[in-house]
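Let us work through a few exercises together. Have the sequence and the 3D view open, and try each task before you read its solution.

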Amino acid sequence: MLSPSPFFFLRHGETGWNAAGRTQGRTNVPLNARGIAQAEHAAGLLVGHNIVRIVCSTLGRAQHTAEIVGAALGLAFTCDADLQEASFGVQEGTPMGAWYDTWVAGEATPDSAETFAAVSARVVPAINRAVDAPGLALVVGHGAMFRAVRATMGLSALVRTENGVPLRCEPGAPWRVTPVVF
């Protein structure tokens, strides 16, 4: 269960594999030029929202995004390995396909991959650690890990989170997830 505390979530900026529709998982693919621009734009959108800390995945694409946003907000970031993307095993590097929805539904898991339930069991406590201190947190992470969070929020896990779009997450039944825009 998620702690009933509001927070911001930001999926890392785009990578070359995102642009090509390839499954990344734990493969450490860097931001591309568009991903850097998305992180810079997100940073501008997040200024003035009273964020007091940034917690991110240990994967480079999330750290680079957190570094860009942190510079704009005047905040350092900390990493939590439990915020890493799901491990997709043999599917990493391959095109996204029909296997993905069956993985989210818990019907099938690729060889050497993490189950969707295991991702949720790992990520939800990490989000709770990030938000349990006073003040608003920004969590910088990944698409599949946020699908697990959405499911815990009582929302559909079959919604794609766009790269570099900050989301305000507010507790409720179900939670409200709202993009931050000018």
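Predicted model: local features only at pLDDT ≥ 70, side-chain atom pairs only at ≥ 80, totals over all residues.

Residues are numbered from 1 along each chain as its sequence is written, and side-chain values use heavy atoms, with hydrogens and water left out.

**Exercise 1: backbone angles**

Solution. Helices (H or I, at least four residues) and strands (E, at least two) are DSSP runs, numbered from the N terminus. As background, most peptide bonds are trans, and most residues other than glycine have a negative phi.

Now turn to phi. Asn 50 has a positive phi, near 60°, although it is not a glycine. Look for Asn 50 in the loop between helix H2 (33-46) and strand S2 (51-56). Ser 112 is another non-glycine residue with a positive phi, near 65°, and its loop runs between helix H4 (99-104) and helix H5 (116-131).

Finally, check accessibility, where buried means under 20% relative accessible area, exposed over 50%, and partly exposed in between (1.4 Å probe, protein chains only). Asn 50 is exposed at 62%, and Ser 112 is exposed at 67%.

**Exercise 2: a covered helix**

Task: Work out how many residues of helix H6 (143-152) are buried, and what they pack against.

Solution. Begin with the count: eight of the 10 residues in H6 are buried, which leaves the helix mostly covered. Then name them: Gly 143, Ala 144, Met 145, Phe 146, Arg 147, Ala 148, Val 149 and Arg 150. Now look for their neighbours, taking contact to mean heavy atoms within 4.5 Å. The buried residues of H6 pack against strand S1 (7-11), H4, H5, strand S4 (136-141), S5 and S6. Last, step past the helix: H6 is followed by Gly 154, which has a positive phi near 85°.

**Exercise 3: two helices meet**

Task: Describe how H5 and H6 pack, and which residues meet.

Solution. First, take the geometry: the two helices pack at an angle of about 80°, with axes 9 Å apart. That makes H5 roughly perpendicular to H6. Here axes are lines fitted to C-alpha atoms, for helices over the stretch in contact, and angles run from 0 to 180 degrees between N-to-C directions. Angles of 65 to 115 degrees count as roughly perpendicular, under 35 as roughly parallel, over 145 as roughly antiparallel, and the rest as oblique.

Second, list the partners. H5 brings Phe 116, Val 119, Ser 120, Val 123, Val 124 and Ile 127, which meet Ala 144, Met 145, Arg 147, Ala 148, Val 149, Ala 151 and Thr 152 of H6. Third, sort them: the contact of H5 with H6 has 10 nonpolar residues, two polar and one charged. In this sorting, Ala, Val, Leu, Ile, Met, Phe, Trp, Tyr, Cys and Pro count as nonpolar, Asp, Glu, Lys and Arg as charged, and the others, Gly among them, as polar.

**Exercise 4: cysteines**

Task: Find how many disulfides the structure has.

Solution. Apply the cut-off: a disulfide is a pair of cysteine sulfur atoms within 2.5 Å. The search of the whole structure gives zero. Cys 56 is in no disulfide, and its nearest cysteine sulfur, in Cys 79, is 3.7 Å away. For Cys 169, the closest cysteine sulfur is that of Cys 56 at 16 Å, too far for a bond. Cys 56 is buried at 0% relative accessibility, and Cys 169 is buried at 0% too.

**Exercise 5: salt bridges**

Task: Trace the salt bridges made by Glu 170.

Solution. The structure holds eight salt bridges. Glu 170 meets Arg 168 at 3.6 Å, N to O, and meets Arg 176 at 3.8 Å. Glu 170 is partly exposed at 21%, as is Arg 168 at 24% and Arg 176 at 46%. Elsewhere, Arg 26, Glu 114 and Arg 122 are linked in a network.

Key:
Salt bridge = Lys/Arg side-chain N within 4 Å of Asp/Glu carboxyl O.
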